[in-house]
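Here are some notes for your next look at this model.

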Amino acid sequence: MTGGILSHPLAALAVLAALSLTGCSRSSSAETASARRMGLKPCRLDGVAAQTLCGTLEVFEDRAAAKGRKIPLRVVVVPALASQPKEDPLFFLAGGPGQAASRTRILPALDRIRRQRDIVFVDQRGTGDSHPLDCDALNPSRTSLAERFEDREDADVIPQCRKGWDADERLYTTSIAMDDLDDVRAALGYRQVNLWGISYGTRAALVYMRQHPDRVRTAILDGVAPMGQYLPLYAARDGQRALDLLLDACAKDGVCAKAYPDLRARTEGLLAKLEAAPAKVHLAHPRTGVPEDFTLTRRVFLSELFSLLYSPDVASLVPLMLDRAAKDDWTPFVALSLGLTDEVARTTSRGMFLAVVCAEDAPFFTEEDAEREAKGTWFGPRMALDIKRACAKWPQANVPPSFREPVKSDIPTLLLSGELDPVTPPPWGEEAKRTLTHSLHVVVPGLGHNTVGADCARTLMADVLTRGSVEGLTPDCGAGLKRPPFFTSFAGPVP
């Protein structure tokens with residue numbers, strides 16, 4: 001998911017009468033009243049040229065008690081371009097868990113949909129500007145390489161972070177957040193919405209479909225995380241699959257194999273060396289140019305390597321990085337890792353990630369499960385075991401008894417999977433499909449975590465919204481797509 005274990009990063013707006021932001025206007029007194037109630041005002045999103053409308057909706061932190069602390073939910077609406085837009089908007093559900101929907105730069109991929117429909121972004125409680133559970137101690141530093149690559153666990157800093165939050169961390173789960181989302185829908189005056197979830201956002205969409213089925217016209221799930229997937233229990237297995245596909249592709253590619261001979265064996269040697277003793281690294285910081293010293297453990301190296309597999313474009317540099325690292329040149333590794341850190345830190349609340357997984361995932365698997373699922377992988381059980389240890393210091397939350405049961409629905413649902421995805425590979429899409437009776441699962445070749453980068457995937461998304469059905473849609477997508485060529489030098493692939 002862009003931004004977390006699953007994320008590594010949006011209806012006709014019925015409330016915008018008398019506002020003309022993109023050359024169109026609305027004309028209903030009821031719509032004007034709704035806009036005033038939400039307090040929507042013209043605004044600008046970072047990296048988005050289109051003018052948007054922003055506001056907040058306050059909800060009780062403790063929805064069941066309906067009293068006590070209230071928290072603001074940030075709501076952002078990008079109006080449709082049509083003068084008479086469709087009545088059902090597209091709601092975007094971000095990944096993570098912990099990614100802020102309003103801070104993702106996904107809007108350009110939705111141009112085709114925005115012609116007829118408004119796009120709505122809601123920062124889920126605990127993220128972005130919706131009472132975020134942010135804590136610097138949970139995010140690695142981007143200024144010091146020693147701090148950036150420090151081998152530490154979330155469990156070490158959770159008590160410190162909790163002291164800084166004015167929040168009951170037990171109340172930031174998916175089920176509660178999806179009732180928040182329905183409040184936003186009602187406040188904006190929509191009868192039905194279309195959902196688009198990416199990564200963890202697919203879990204959120206499934207929960208909303210179960211809790212508010214009459215409010216969903218269609219759903220698009222990209223990088224599917226069904227209810228049977230426990231984070232990060234299967235990450236080592238799924239990540240190893242993606243890494244094996246990469247190493248096999250390099251070995252079968254004449255140019256890559258010549259540039260990086262015996263890469264798998266040399267990578268195994270590198271990992272054995274790091275296991276025996278962490279690497280002592282001295283190099284110039286890629287941003288400041290100032291020489292720094294830091295220690296790199298096997299665990300931290302593998303964690304960064306896992307993140308590099310999310311995007312095939314980034315992964316095309318992995319053979320070069322592994323080759324250089326095996327020669328004790330850590331410059332490519334550091335440069336790639338820092339680039340990913342910037343995006344994650346900008347969009348993700350790590351505390352909200354823990355609020356979700358400590359309630360919805362960690363209680364459902366054991367340390368023995370983690371050892372079993374990671375057996376035979378390079379990544380090992382450490383990711384899952386770290387979460388278990390962190391959640392031992394997290395306040396115990398409750399989820400509905402049926403939370404982990406598969407979501408059964410006949411809502412028209414498009415399931416999209418990237419062939420090379422390291423965290424939500426195609427088998428998870430197949431699992432979700434079994435109980436979604438009106439669904440289509442499409443696997444896009446050559447892509448990793450999330451498929452919106454493929455034009456055929458964007459066409460399918462637009463088509464399912466236009467039709468309100470998956471009937472008649474072709475499962476073929478990206479027949480000509482393949483993994484990007486591997487870099488054999490810093491200048492790029494050999495022509």
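Predicted model: local features only at pLDDT ≥ 70, side-chain atom pairs only at ≥ 80, totals over all residues.

1. Residues are numbered from 1 along each chain as its sequence is written, and side-chain values use heavy atoms, with hydrogens and water left out.

2. Searching the whole structure gives 13 aromatic pairs. Rings of Phe, Tyr and Trp (its six-membered ring) pair if their centres lie within 6.5 Å; planes under 30 degrees apart are called stacked, over 60 edge-to-face, and the rest tilted. Tyr230 and Phe364 are a stacked pair, because their planes meet at 15°, with 5.9 Å between the ring centres.

3. Which parts of the chain does this pair link? Tyr230 is in the loop between strand 7 (216–222) and helix 7 (235–252), while Phe364 is in the loop between helix 14 (350–360) and helix 15 (367–374), 134 residues apart. Helices (H or I, at least four residues) and strands (E, at least two) are DSSP runs, numbered from the N terminus. Tyr230 is buried at 18% relative accessible area, whereas Phe364 is partly exposed at 35%. Here buried means under 20% relative accessible area, exposed over 50%, and partly exposed in between (1.4 Å probe, protein chains only).

4. Phe301 and Phe333 make a tilted pair, with 5.3 Å centre to centre and 40° between the planes. Phe301 belongs to helix 10 (residues 298–308) and Phe333 to helix 13 (residues 331–347), so the pair ties together parts 32 residues apart in sequence.

5. A charge sits over a ring if NZ of Lys or CZ of Arg is within 6 Å of the ring centre and within 35 degrees of the ring normal. Lys70 lies over the face of Phe60, 4.8 Å from the ring centre, and the charged end of Lys388 is over the ring of Phe365, 5.3 Å from its centre.

6. Finally, how many residues of helix 5 are buried? The count is 12 of its 15 residues, including Ile176, Asp180, Asp182 and Arg185. Helix 5 (residues 174–188) is followed by Gly189, whose phi is positive, near 85°.

Notes
Expected span 1.5 Å × (residues − 1).
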